[in-house]
Amino acid sequence: MSNKKIIGITGSTGLLGRTFIKENNKFKFDRFKGRVENKNHIRKWLKNKKFDVLLHLAAIVPTDIINNNYKKAIDTNFIGTKNLINEILNNKMNTWFFFSSTSHVYKPNKYKLSENSKRKPYSKYGKTKFLAENFLFNILKKKKLKICIGRIFSITHPKQKKYYVVPMIYSKIKKHHFQNEIIFKNLNHDRDFCHLNDLCNAIAILIKKKSTGVYNIASGKKTNLKFIAKYYSKRKKIKFVDNLKKTVILANISKIRKIGFKPKYRINNILADFKK
């Protein structure tokens, strides 16, 4: 009989879900294959289950998709989370629940953002996670369930779609390499990029510690988006046109450091993955 910890997981086909499963073969995974906004799908999946951990990674993330169908994003990111929690409570499951949230719930600030920094979503994606967080805080307050909210800052990977910022920059430079000058608009922003492997490691540590409450998951290092364009452009001339006010989204990761998390990768390691 296997002694492996049983983890229920939503979003197992997404980039984070696939990578986490691949990097953690010490766990036994039970993958959710339905739609989280469908109560019957959730009910059928959780019936008679006894998960040690439930990782809720399923979400609609891309800005363009959310802006075009905000209701669908609300149904998936907020209503889907409610459905999961309510069914867990109905089944009286003694499980540790991880919710993948985002730095988009914060109000941008020139200083490092801690878990107690003001929340004021700066995107529709952030608003969907903000609503889900508020629901989870209510459950935490009543101490009905062990819940951990991981606020994930920027991540990127060669397998991301081109509407994400780094793949967009990389593909544009690659596509227009023959031009003498390549123009980029509104890259005058600072972001905190976390390597996908560091993110998976952080979640594994949170599982091991059975931590509850809110944790920032990030590198704690600032990267200006213009640096990324310069990194890939080599000798090509890059022209930057800035029409928007600069924003800074940078994490204070002292809380998660205290439980053993230490980022191993820097921005150059992350960007180099695209060239492999």
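A: Six strands make up an open sheet, and their order is 2-1-3-4-5-10. The pairing is parallel. Two strands count as paired if DSSP finds at least two bridges between them. In general, strands of a sheet pair through backbone hydrogen bonds, either parallel or antiparallel. Strand 2 and strand 10 (213–217) are the edges, each pairing on one side only. On average, neighbouring strands of this sheet are turned by 25° against each other, direction ignored. Strands (E, at least two residues) and helices (H or I, at least four) are DSSP runs numbered from the N terminus.

A word on the source. This is a predicted model, in which local features need pLDDT of at least 70 and side-chain atom pairs count only at pLDDT 80 or more, while totals for chains, interfaces and linings use all residues. Residues are numbered from 1 along each chain as its sequence is written, and side-chain values use heavy atoms, with hydrogens and water left out.

Now look at strand 4 (residues 96–102). Strand 3 and strand 4 run parallel, joined by four bridges. His 56 has Phe 99 in strand 4 as its bridge partner.

Thr 102 also lies in strand 4. Thr 102 counts as buried because its relative accessibility is 3%; buried means under 20% relative accessible area, exposed over 50%, and partly exposed in between (1.4 Å probe, protein chains only). A polar atom of the Thr 102 side chain lies 3.0 Å from the backbone nitrogen of His 104. Such a polar contact is a pair of N or O atoms within 3.5 Å; within protein, one must be able to donate a hydrogen and the other to accept it, and residues adjacent in sequence count only if both atoms are side-chain atoms. Neighbours within four places in sequence aside, Thr 102 is in contact with residues including Tyr 125, Lys 129 and Gly 150. Contact means heavy atoms within 4.5 Å.

Gly 150 takes us to strand 5 (residues 146–152). Gly 150 has 0% relative accessibility, so it counts as buried. Leaving out residues up to four places away in sequence, Gly 150 touches Phe 98, Phe 99, Ser 100, Ser 101, Thr 102, Tyr 215 and Ile 217. Its C-alpha atom is 9.2 Å from that of Ala 202, which is 52 residues away along the chain.

What lies across these strands? Helix 5 (residues 124–141) lies across strand 4, strand 5 and strand 10. Helix 5 runs at about 150° to strand 4. Axes here are lines fitted to C-alpha atoms, for helices over the stretch in contact, and angles run from 0 to 180 degrees between N-to-C directions.

Ile 42, Trp 45 and Leu 46 of helix 2 are buried. Seen down the helix axis, the buried residues fall within an arc of 85°, so they line one face of helix 2. That arc is taken from the directions from the helix axis to the C-beta atoms. Their cover includes strand 1 (5–10), strand 2 (27–31), strand 3 (53–56) and helix 4 (70–90). Asn 40 and Lys 44, on the other side of helix 2, are exposed. At the start of helix 2, a side-chain oxygen of Asn 38 comes within 2.9 Å of the backbone nitrogen of Asn 40. Just after helix 2, Asn 48 has a positive phi of about 60°.
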